[in-house]
Amino acid sequence: MAGSSVAERLYYDGGDGALEFRAVVTDVRLDSTAMGEGGQKEQVWQVALDRTAFYPEGGGQPWDTGSLVATARSGAVLEVGVERVVEDEAGEVWHYVRKPLPQGTEVAGRVDAERRMDHAQQHTGQHLLSAMFLREIGARTVSFHLGADSATIDLAVERVTEEELRLVETAANRLIYEDRAVRPRWVSRDEAEAMLTRGELRKLPERSGAMRIVEMEGVEFNACGGTHVRSTGAIGGLLVRRVEKVKQGWRVEFCCGLRAVKASGREYARLRELGALLSVGSADLAARVAGLIEDKKAAAKELKRLEKELRASSQLPQAPDR
Ligand SMILES: [Zn+2]
């Protein structure tokens, strides 16, 4: 069993300094349900620590990965990769590793900084994008998702136009280059409820006790336990990619930071490739493809006409029914 208290959360303090930390293993258990890719059982252990900077899956944000390093008295070093991190109902954080680390082992933890930064950028970008949809066109965000490839929010609206999307995207990017501070702090339930009454918070989680409120300077307050960048500038730019109709309204796909740069680069390369095939610049691609489709239709029509002509002059047998 785990000790009486769950791991101290170092990720709440934010910042790069919290990505490397020292801790002691408080509990270890074998995850007998773990399955390998081929369906065979694999040995996966779950390790609990007295303190951790690893963010567990939650609040629509994926978990951190990284490593735990234990050094024996002999000087032998054991490094294990942290592949997944989850929080159980009791609030304990479990780190999934492939080698067991006995209770009492001192470890040095290191969180994968690039993955964390990517998640913090998309997640903070989501706060900003939702705030701008509300401010600019009165569209409320009802759910959000952050995956390895795409991030989306669902808006409770009847429709959203291309013009509105560009308006919101521009507003979000203005706040990014204004580099507004993003400050998390803890407040009591009473204080959080007062903020709700004053209209500073739009909603509150059900649970009791202290709440973590994240302030985006001059933009919004949000009750959130996720990881964020320290100021909007570190979101690094926000790109609205596409929208699609879903049951509860409209789903908006977006990406921020390096993800946005990489996605744009990939798409630009694809356009160049198509342009080279069709011998036109990307601006003329749509017209060129529309022209090709027209040509194909005309060619099919002409073929039919010629077949009919041939049949009429009895040069060709009747085509069998298919
Ligand atoms: Zn958040």
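**A tour from the sheet to the helices**

Begin by selecting strand 5 (residues 66-71) and strand 6, which pair in the antiparallel sense over six bridges; here strands (E, at least two residues) and helices (H or I, at least four) are DSSP runs numbered from the N terminus, and two strands pair if DSSP finds at least two bridges between them. The model on screen is predicted, so that local features need pLDDT of at least 70 and side-chain atom pairs count only at pLDDT 80 or more, while totals for chains, interfaces and linings use all residues. Residues are numbered from 1 along each chain as its sequence is written.

Within this pair, pick Thr71, whose bridge partner in strand 6 is Val77, and then Gly75, which takes a positive phi near 100° in the hairpin of strand 5 and strand 6, where five residues lie between the strands.

Next, select Leu128, Leu129, Met132, Ala172 and Leu238, which touch the most other members of the largest nonpolar core, a set of 26 residues. Such a core consists of buried Ala, Val, Leu, Ile, Met, Phe, Trp, Tyr and Cys residues joined through C-beta atoms within 7 Å, and a residue is buried if 20 or more other C-beta atoms, placed from the backbone, lie within 10 Å of its own. The largest share of this core, six residues, comes from helix 1.

Finally, display helix 1 together with helix 4 (residues 257-278), which pack at an angle of about 90° with their axes 7 Å apart. Helix 1 is therefore roughly perpendicular to helix 4, a description that covers angles of 65 to 115 degrees. To inspect the contact (C-beta atoms, placed from the backbone, within 7 Å), select Asp118, Gln121 and Gln122 in helix 1, which meet Gly257, Leu258 and Arg259 in helix 4.

How values were computed:
Buried ≥ 20, exposed ≤ 12 C-beta atoms within 10 Å, placed from the backbone. Axes fitted to C-alpha atoms, helices over the stretch in contact; angles between N-to-C directions. Parallel < 35°, antiparallel > 145°, perpendicular 65-115°, else oblique. Contact = placed C-beta atoms within 7 Å.
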